[in-house]
Number of protein chains: 2
Amino acid sequence: MAEQPVLIAGEWRSANKSTVFTATNPRTCESLPDEYPVSTYADCDAALDAACEAAEVIRSYPPERVATFLERFANRIEARADEVVAMAHEETALGISPRLANIELPRTTNQLRQAATAAGEGSWAEATIDTRTNIRSYLAPIGPVCVFGPNNFPMAFGSVSGGDFAAAIAVGNPVIGKANSSHPGTTRLLAEEARLAIEETGMPSALVQIIYRTSHEDGEKLVADSRLGATGYTGSRSAGLKLKAAADAAGNPIYLELSSVNPVVILPGALKERADDIAQQFVGSCLMGAGQFCTNPGLVVLIAGAESDEFIAKVVDGFNAASVGTLLGKGVRDSLQAGIDVLSAAGADVLTSGGAEDGDGFCHANTLLKVSGDAFLADPLALQAEAFGNCSMIVVADDVQQVGRILDATEGNLTGCFYTNTAGADDDAYDELAPRLRRRVGRLLNDKMPTGVAVSPAMNHGGPFPATGHPGFTAVGIPASLKRFAMLQCFDDVRPHRLPRLLWDQSPNPGMWRRIDGQWRRGDVTKGSDS
Amino acid sequence: MAEQPVLIAGEWRSANKSTVFTATNPRTCESLPDEYPVSTYADCDAALDAACEAAEVIRSYPPERVATFLERFANRIEARADEVVAMAHEETALGISPRLANIELPRTTNQLRQAATAAGEGSWAEATIDTRTNIRSYLAPIGPVCVFGPNNFPMAFGSVSGGDFAAAIAVGNPVIGKANSSHPGTTRLLAEEARLAIEETGMPSALVQIIYRTSHEDGEKLVADSRLGATGYTGSRSAGLKLKAAADAAGNPIYLELSSVNPVVILPGALKERADDIAQQFVGSCLMGAGQFCTNPGLVVLIAGAESDEFIAKVVDGFNAASVGTLLGKGVRDSLQAGIDVLSAAGADVLTSGGAEDGDGFCHANTLLKVSGDAFLADPLALQAEAFGNCSMIVVADDVQQVGRILDATEGNLTGCFYTNTAGADDDAYDELAPRLRRRVGRLLNDKMPTGVAVSPAMNHGGPFPATGHPGFTAVGIPASLKRFAMLQCFDDVRPHRLPRLLWDQSPNPGMWRRIDGQWRRGDVTKGSDS
């Protein structure tokens, strides 16, 4: 067994470690051969120092250089796609095709290229110039960013390749990746390509660094370290809240994407109209990838009646007929079971539970639960426990008013959906209910399931606590996701030659939008440009 | 003594109180006649419930109605200006003219009117439309906002009249004002005018509510309450950090403006060129209003040499010659003395200390301290203790390198300044030092003192922790300050008639800027508008 080195200050070097760990092939339940170190704080220290130096160097670079790096990195990932995908498949059991090779990897390189474009173009920085007072401001790099990637997207949300990474780098920040322990090998291959892209494009060697794991205490120390600019974290609520407490106490921004049950309200008129179609959408959305999505529809609200009973029967059939997928690991399987146990203990009935024996490796029965509106309202927090995986719970409410009370009792979520009759039969109910769900979710959908998260400038992959730590930011969508890793810097009567290029009278890039005297403009500052 | 009522749900009513307090005239050191209640949580509860209802009502209003309210309120403040200014003078000892009547009150109404314009115009909400995916998003009201106003700007930062208030209301949020205990009467008069403006413009009666004081525990409970959208707090670091911890743990956004010593680096070439002028600017900026500004220049860094000695001598003369102002109260005087004691104990020498006996009421000698660079670096945290008031400390460094180390050791601040030679003699030193100060401050100035905070769209009255709680936001400057009180709401394939007006294809306002398919545009959405 080879012990893999960490990447610090541009060198693949032996870790300062307390112990080692291995990844597991979820399909065989067997350990993979490579050993990865659990770093002590000495590695974090070294990475932070190197990242601070790199941050200072990048500050003097034109943004095009960062863009060139991101593009080169995307190219390199594509050139090594087969190997990266094979490793990701081995470590996560996610399907090679289409999932990893045709969806996630292209999404990853697409994000890197969109981030490159945003970095080179500069509009994201919201350069603001007030010619009357000669005060100028823009969004500047916040400093080294630590990215904790999740288990479920080894590339597209990966700590050295995903959306947080792309956003942090595009702003001009070095990234210290904290690999997810379930797929260290995938992260390693991606970090190798990042390092080579750094070399080829002449970026500071500590632009991208990787540490595989630390103790919980050291993780909390890292996000609170005064050398760090900010943290991006996607993962479990319990670990995330500990990191948040540590970062908050130190005043370090931390952007979290935590649990979300993503309420879906299906109103009677929609079921009367197209129950088959909706049942099929729901089963597909819920069980795709063994349901391991942050936007998995985990809480479906119906109103009692014959059409809801029929809908539930169809979904039960769908869950029973669907094959059982392999989960990302033992931890995911155990957490899923624990979540289901919480829901059951709080009064939910399990409607489907067979089939796990037909799956490979770490797997769990496709599980549909049901609970009454009354029971939900009697213990709403327990009945919102996230059961991450191929599982969902249907709440059957008495009437629209009770649906309203159920929505009022939901925590903050990433998404919320309504299915309604296309001819308007549910419109009164929608008007009553939508505002109540709206304030509890980041993204509101009509007539579609939430599992697709388009990389769109208008996307919000965020939402009120505890879905995230701040409802003003999105983790997906460029350029908006970049803002998280920036600080607002104002220049008050600073001499022209000392200004950053984005704030010069002469625009560094004719395509860049700047807010000049209150109006969005492209091109140079001209006196009297106020319209 | 009349006990004053609180304003909850549109009614001036008796508080649910634990006890009462009075304000003090700082000039006479005598209690003022009115008694104000210390509310129990029952008042907070009632205010939160009423605010939530008001928030839902406002959501359906066009933004012009909020603008109309803000304008009416500004007009009403002007109509009652003499009385408000007289009360503010009595409670704070700040000068009637020009300070209160000719600077702060016009600033207050100007901010309200700028906020009205921003609300009515809508560009601040950054409506973003992706026609390819039909995903749309904008910044929407975050919910009821609690504003804790500071002692030093009874109107312009007041809890029911200041910048946080104007920003929160412009977004469409009700405000629960927590009055500053040093000027409850001023807050009461302003709240009376707000209530009448609400009535006259047909806004929900709980749009503006006022509570005068709570226990510390209830304050922490209030900022953490799940009914609250966000908090704006300007005040002492110790109280602010307690509120931050409570709000953070609950996942409620809180925007803080805490202490700041605002480093000013004066380089030798500037002193050789114009020491008299700079000394005069510094003495004026530091002692104006008895130095009670968040951007007071509290830490001046010089390089040892004859010109610095001469500069210090001039400043000593200026401090000794200047009259001693009255402070806002006994608490401010005691804190100022405590801050000076901390600085002295850590090794700073007091260069000026006389004159307090000539001042009125609560006052303290104009105090200049001096410490060596070595001593500063031996205990940098203690030597950055804020001594809020007519006080500043000069650090005399050995050389440019030591100035760099001093800047590296500074905490986050609102502002940082450099004075340099106009012919370029200090440029090498500036290039070495400016990046190091830049990352620790929200606003960097050249050749001017930081105490002026223009209400400019490019202003950043913010900065890294502990100057504020998040370096991405500004408390002054419209429209940027509005974003703090908004949540990002995304609409994914939501049917057109269900969209908020700002996201319709047809622009509700021809002047409003929206980001349509990646480009800032005014006017309607037209397919193929991507340039």
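I count helices as DSSP runs of H or I with at least four residues and strands as runs of E with at least two, numbered from the N terminus. On that basis I get 14 helices and 23 strands for chain A.

Housekeeping: this is a predicted model, where local features need pLDDT of at least 70 and side-chain atom pairs count only at pLDDT 80 or more, while totals for chains, interfaces and linings use all residues. Residues are numbered from 1 along each chain as its sequence is written, and chains are lettered from A.

Overall form of chain A: I looked up the radius of gyration (over C-alpha atoms; the globule rule is 2.2 Å times the number of residues to the power 0.38). It comes to 24 Å, close to the 24 Å from the rule for 531 residues, so chain A is as compact as a globular protein of that length. Its C-alpha trace spans about 75 × 65 × 40 Å along the principal axes.

Burial: 61% of the 531 residues of chain A are buried (20 or more other C-beta atoms within 10 Å of the residue's own, C-beta atoms being placed from the backbone).

Next, the contact between the chains. I call two residues in contact if their C-beta atoms, placed from the backbone, lie within 7 Å. Chain A gives 57 residues and chain B gives 57 residues. On the chain A side, β21(A) supplies the largest share, 7 residues.

Then I followed β21(A) across. It pairs with β20 (residues 441-446) of chain B in the parallel sense over 3 bridges; pairing takes at least two DSSP bridges. Here A:F491 stands opposite B:L444 in β20(B).

How values were computed: A residue is buried if 20 or more other C-beta atoms lie within 10 Å of its own, exposed if 12 or fewer, and partly exposed in between; C-beta atoms are placed from the backbone.
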